[in-house]
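Hi,

Here is the structure I promised to pass along.

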Amino acid sequence: MKLLTLPERLGLISYRNQAKSEIKPHIRVDTEICNTVCPHKCTTYVCPANCYTLDENNHVHFQVEDCIECGTCMYACDQGAVTWEFPDPETGRGVTWNFG
Amino acid sequence: MDEKFDCIIVGAGVAGLAAAMTLARNNIKFLLIEKGEFAGAKNVSGGVIWGQDLAKLVPEYWKDEEAGWDRFINHRRLTFIDEESAFSLDFKSRHFNEPPYSGVIVLRSKFDRWLANKVEDAIAESEYSMDSFIATNILVEEILMEGDKAVGIRTGDEKFYADSVIIAEGVNNLLTRQAGLQDKYVPADHILTGVKEIIRYERSVLEDRFQLNGLSGMSNEFVGYATRGVEGGGFLYTNRDTISIGLVLGLKDLRDKELKPYDILNDFKAHPVIKDTIRGGEVVEYSAHVVSSGDKRGIPEKLYKGGLLVCGEAANLLMNAGKAIQGMDYAMRSGILAAETIIEAKSKNDFSITQMKKYQGNLNNSYIMKDINNFQDAVQLLHNPVMYQKVPSLINHFGRNFFTIKNEPTKKAREMMGESVKAHSSYWELIKLGLKGARSL
């Protein structure tokens, strides 16, 4: 069978509050820590939804829109850069699983 | 809802629903709060509910045609894989065909929602049919404390009060941490990341491919190259007209090896043996969630405070000791035990820490903590690189030689095994592993 790319996989997910232009992020990342002291920048590869990316200068960027609330980054980041909460049902993002 | 509840349960997953069901049947006034749109909306599992506790919560659930479970398990398979081969232990038995089943496969979005409806039915039949509630779409942000005792919860600007709070918030247990029962930062050491796809087939295709009969189902666990050398393993479960296929990956090892979980999942799906097994389906969901490893060091020392109990995966109650990945059955039983502690507390009107401590005692005396304590060696063995890397390679090396017929004089199996051992390990390494294994299982 055809293997799916990550964007194709994320395209199958039902995210909440998709119609809202402004959402309240449930994860805050102090990328200053990622880009100055972190020796591994591991969130850029361990995140199952690729919410953490590297630019051409090897700087970490974070976007919460694709987050599927798995929790991985909260444990993987051992530098104190990730502040993790659950999304607000009304104003946040996050998922509603169709199968789960 | 000005009135005080006997108990507020945070989280309508398996643990929270099991607690709620037990409270409803014993005429306790409770509020069950779920952050998702409905019970199960935020839950991901492999997932098999092992054992027979479900029949305690929903007697004769197998007679319910609209039941939320997918298939019962009568076929188990454990597969060792290397890059090109798969060597399986396969067991199927008529003994597993009759209810109460020894395990049911579930999809949480469907299962939890069904179980929540059963809890609603139990509420309707209780003395508090108008005063107990399941409330969805509400995020609990804080456990309210008075001194060292939990007295309620806060969501936004609203506060709800109760004599007791059961935390059943799942593995990402922010409230448990806030209550000081677990460190604020939990390192990756005893945490795995699970990634999974749901693949849909024509039901007849699925049933033929996996030799399913009626609602029978198969569970297949994988050890070895499934994870590209990362600590962990793979799984494949048959649902009604889909399969759940995925991996659990040791997060610390994933971080060290600098691999992406979704890439490893694609490699697993492209494995020559797996590829044939799953061909032709359509992926309908991709999901991910962290899961605890079952290492006891990950479990909070205390699961109670005055008026406060923690159950399910919020308490990191989960174990894979090689026979099965058990988590939802632990959630169910610990939810029941927590509720029973609250029922006793109400009858004595004593929600003190001394009363709450009984929950921990009951948990320690239950099969959950007995198994977790007894099988720690097995848990650690499964996380030993010899076990998840060398043993699968060795077994498949042997399998290839043993099952190859060459029209030449054939070596005895023992000699072949000797060659496989030399190629991938050493007798000494295996003796050490064998001794550990014999003790641990």
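This is a predicted model: local features need pLDDT of at least 70, side-chain atom pairs count only at pLDDT 80 or more; totals for chains, interfaces and linings use all residues.

Let's start with chain A. Its secondary structure comes to four helices and four strands, and from the N terminus the order of elements is α-β-α-α-β-β-α-β. The radius of gyration of chain A is 14 Å, close to the 13 Å that the globule rule gives for 100 residues, so chain A is as compact as a globular protein of that length. Buried residues account for 38% of the 100 residues in chain A. As for contacts in chain A with a separation of 6 or more, 67% are between residues 24 or more positions apart.

Chain B has 15 helices and 19 strands. With 441 residues, the globule rule gives 22 Å, and the radius of gyration of chain B is close to that at 23 Å, so chain B is also as compact as a globular protein of its length. Its C-alpha trace spans about 85 × 45 × 35 Å along the principal axes. In chain B, 55% of the 441 residues count as buried. Taking the contacts in chain B between residues at least 6 apart in sequence, 74% join residues at least 24 apart.

Now for where the two chains touch. The contact takes 32 residues from chain A and 47 residues from chain B. On the chain A side, helix H1 (6-10), helix H3 (43-46) and helix H4 (72-76) each supply at least two residues. Which helix gives the largest share of that side? That would be H4(A), with four residues. By type, the chain A side divides into 21 nonpolar, six polar and five charged residues.

First, helix H3 of chain B (residues 108-124). Its 17 residues reach 24 Å from first C-alpha to last, close to the 24 Å expected at 1.5 Å a residue. Among its buried residues are B:Phe111, B:Leu115, B:Val119 and B:Ile123, but also B:Arg108, B:Lys110, B:Asp112 and B:Arg113. The buried residues of H3(B) pack against helix H1 (14-25) and strands E4 (69-81), E6 (103-106) and E7 (133-135) of chain B.

Next, helix H9 of chain B (residues 328-348). Its 21 residues should span 30 Å at 1.5 Å a residue, and the end C-alpha atoms are 30 Å apart, which agrees. Of those 21 residues, 16 are buried, so H9(B) is largely enclosed by the rest of the structure. Just after H9(B), B:Asn349 takes a positive phi of about 50°.

Last, a helix pair. The axes of H13(B) (residues 385-402) and H14(B) (residues 413-424) come within 9 Å and cross at roughly 145°, and the crossing is right-handed. From H13(B), the residues involved include B:Leu394, B:His397 and B:Phe398, while H14(B) brings, among them, B:Met416, B:Met417 and B:Val421. The residues of this contact divide into eight nonpolar, five polar and one charged.

Cheers

Methods:
Residues are numbered from 1 along each chain as its sequence is written. Chains are lettered from A and ligands numbered from 1 in the order in which they are written. Axes are lines fitted to C-alpha atoms, for helices over the stretch in contact, and angles run from 0 to 180 degrees between N-to-C directions. A crossing is left-handed if the near helix is turned anticlockwise from the far one by less than a right angle, and right-handed if clockwise. Two residues are in contact if their C-beta atoms, placed from the backbone, lie within 7 Å. Ala, Val, Leu, Ile, Met, Phe, Trp, Tyr, Cys and Pro count as nonpolar, Asp, Glu, Lys and Arg as charged, and the others, Gly among them, as polar. The radius of gyration is taken over C-alpha atoms; the globule rule is 2.2 Å times the number of residues to the power 0.38. A residue is buried if 20 or more other C-beta atoms lie within 10 Å of its own, exposed if 12 or fewer, and partly exposed in between; C-beta atoms are placed from the backbone. The expected span of a helix is 1.5 Å times one less than its number of residues.
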